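Here's a quick walk through one structure, written for someone who likes cut-offs spelled out. Have a look at it first.

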Amino acid sequence: MPDMETLISLCKRRGFIFPGSEIYGGLANSWDYGPLGVELKNNIKKAWWRHFVQMRDDVVGIDAALIMNPRVWEASGHVGHFSDPLVEDIKTHERYRADHLLEEAGIDVTGMVLEDMAQAIKERGIKSPKGNPLTEPRAFNMMFRTHLGPVENAENVVYLRPETAQAMFVDFKNVQQTSRKKLPFGIAQIGKAFRNEITPGNFIFRTREFEQMEIEYFCRESEWEIHFEKWLVAMREWLKFLGLKDWYEHEIEEADRAHYSKRTIDIEYDYPFGKKELYGLAYRGSFDLDNHMRASGEDLSFLDQEKNEKIVPHVIEPTWGVDRTVLVTLLAAYREEEAPTGEEGESDKRVVLALPKDLAPFKIAVLPLSKKEELSTIAKPLVAQLRSRWMVDYDETQSIGKRYRRQDEIGTPFCVTVDFDSLEDKKVTVRDRDTMQQERIAIEELESYIDTNMRAA
Ligand code: GAP
């Protein structure tokens, strides 16, 4: 696995991800996805949708408004309780998460409330990272507030959503009635969420603006354990698809679980900065639907017509962060390795992003051996043909060895070289990113060759 500096530098150099608003000095760990990053991120979202919505009969999608009625966030508990414990360095006024400082000092924060943290800070003499005393911890609400319309008063306060999940509860009735789904079934959504994190950091791991892919899966109370297990298996399959070999399934202890949850698992990953959360799987009972029914006065129960029975469904919530998925996919794919043949005069070392082929930003790079017109008259129409199916890069500069290395570094599965023999035999050389093996393929068979290899992947 690369260290973070190496990965961040590759991401910037090759146009995956760079600092947001960089020409103005950036903005507190905000990041922009560049031309290759947006392809990778879109491919992840497309694969997720295909996997969890398109291929299943029991999940349907929505795309809800980002700004919801503020009563949603009162009912969900976010206005009252969506907070992190904040402490301040009394000299520099820099702010930190109290639980993070305690954990860094080797203190187990399981089940700790603000008072426990205050006591632990006092007893253990915990200081700020600058070595100064800290204020007492206080709850800091992480929702971003703004005003709807031109008047900035208390009645117009709204929030940027801190999770995509609540829309699936609020829209439950509309979705169930229009899709005519019966229990068990799920509602999926991909979209942005905003949290005013006290200490964003570690590249795209913790940011204040990020994307989530979430499913609320509605079932009968008596069946929650079966569906929890099934979703755990589905999440494992997804992790394998991303190319991950290791992750940790951390059963959250009762003291740290939400009071309505009988089981929660954090899927954790060993990042270069330590073992931390990647995804989550939670049993939420009927907590959210109950709250929204109480607050809105609407009936959000499900009518089982066969049994003539009204049920408030219980919910299993698998949740995936998009940006953390991008991060672990890049970390798992990165290799520095020997290229024993010293390909085409290049050095014996190469950096390769062995991304799952489905996720690679470019699937193919077409590389005419030289800039000569005879070659581009073959290469350019070939690119146009392939582009109707896949993202294709075209590069005719520098030595072929250097171009192979460039494509390896961005994870392009197939390099297609057009050379002077192509003029005679109407064939091209296809080089495989992972094996570096080269094969001579007839131009008219290239599309089906790529197709077969993509499908196999
Ligand atoms: N609806 C449940 C929910 O939002 P969460 O654990 O707070 O649960 C779900 O968030 C996922 O969203 C996390 O597992 C993580 O992948 C991602 N996530 C949360 N906060 C994030 C942040 N500040 N930056 C990037 N990703 C974040």
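What follows covers the ligand site, then the salt bridges, then the cysteines.

This is a predicted model, where local features need pLDDT of at least 70, side-chain atom pairs count only at pLDDT 80 or more, and totals for chains, interfaces and linings use all residues. Residues are numbered from 1 along each chain as its sequence is written, and side-chain values use heavy atoms, with hydrogens and water left out.

Start with the ligand. There are 17 residues around it, and Glu-163, Arg-195, Glu-214, Glu-277 and Leu-278 come nearest (a residue is near if one of its heavy atoms lies within 4 Å). By type, that shell splits into 8 charged, 5 nonpolar and 4 polar residues; Gly counts as polar here, while Tyr and Cys count as nonpolar. Strands β10 (209-219), β13 (274-285) and β16 (314-321) each supply at least two shell residues (strands are DSSP E runs of at least two residues, helices H or I runs of at least four, numbered from the N terminus).

Polar contacts here are pairs of N or O atoms within 3.5 Å.

| Protein side | Ligand atom | Distance |
|---|---|---|
| Glu-277, side-chain N or O | oxygen | 2.5 Å |
| Arg-195, polar side-chain atom | oxygen | 2.8 Å |
| Thr-207, polar backbone atom | nitrogen | 2.8 Å |

On its own the ligand exposes 550 Å², and the protein buries 89% of that (Shrake-Rupley areas, 1.4 Å probe).

Now the salt bridges, meaning a Lys or Arg side-chain nitrogen within 4 Å of an Asp or Glu carboxyl oxygen. The count comes to 35. One of them pairs Glu-409 with Arg-14 at 3.0 Å, N to O. That pair links distant parts of the chain, with Glu-409 in helix α13 (residues 400-410) and Arg-14 in the loop between α1 (4-13) and β1 (17-19), 395 residues apart. Glu-409 is buried at 13% relative accessibility, and Arg-14 is buried at 19% (buried is under 20%, exposed over 50%, partly exposed in between, with a 1.4 Å probe and protein chains only).

Asp-451 and Arg-455 also meet in a salt bridge, at 3.8 Å, N to O. They sit 4 residues apart in helix α15 (residues 446-456), so about one helical turn separates them. Asp-451 is buried at 18%, whereas Arg-455 is exposed at 66%.

Finally, how many disulfides are there in the whole structure? The search finds 0, with a cut-off of 2.5 Å between cysteine sulfur atoms.

Conventions: A polar contact is a pair of N or O atoms within 3.5 Å; within protein, one must be able to donate a hydrogen and the other to accept it, and residues adjacent in sequence count only if both atoms are side-chain atoms.
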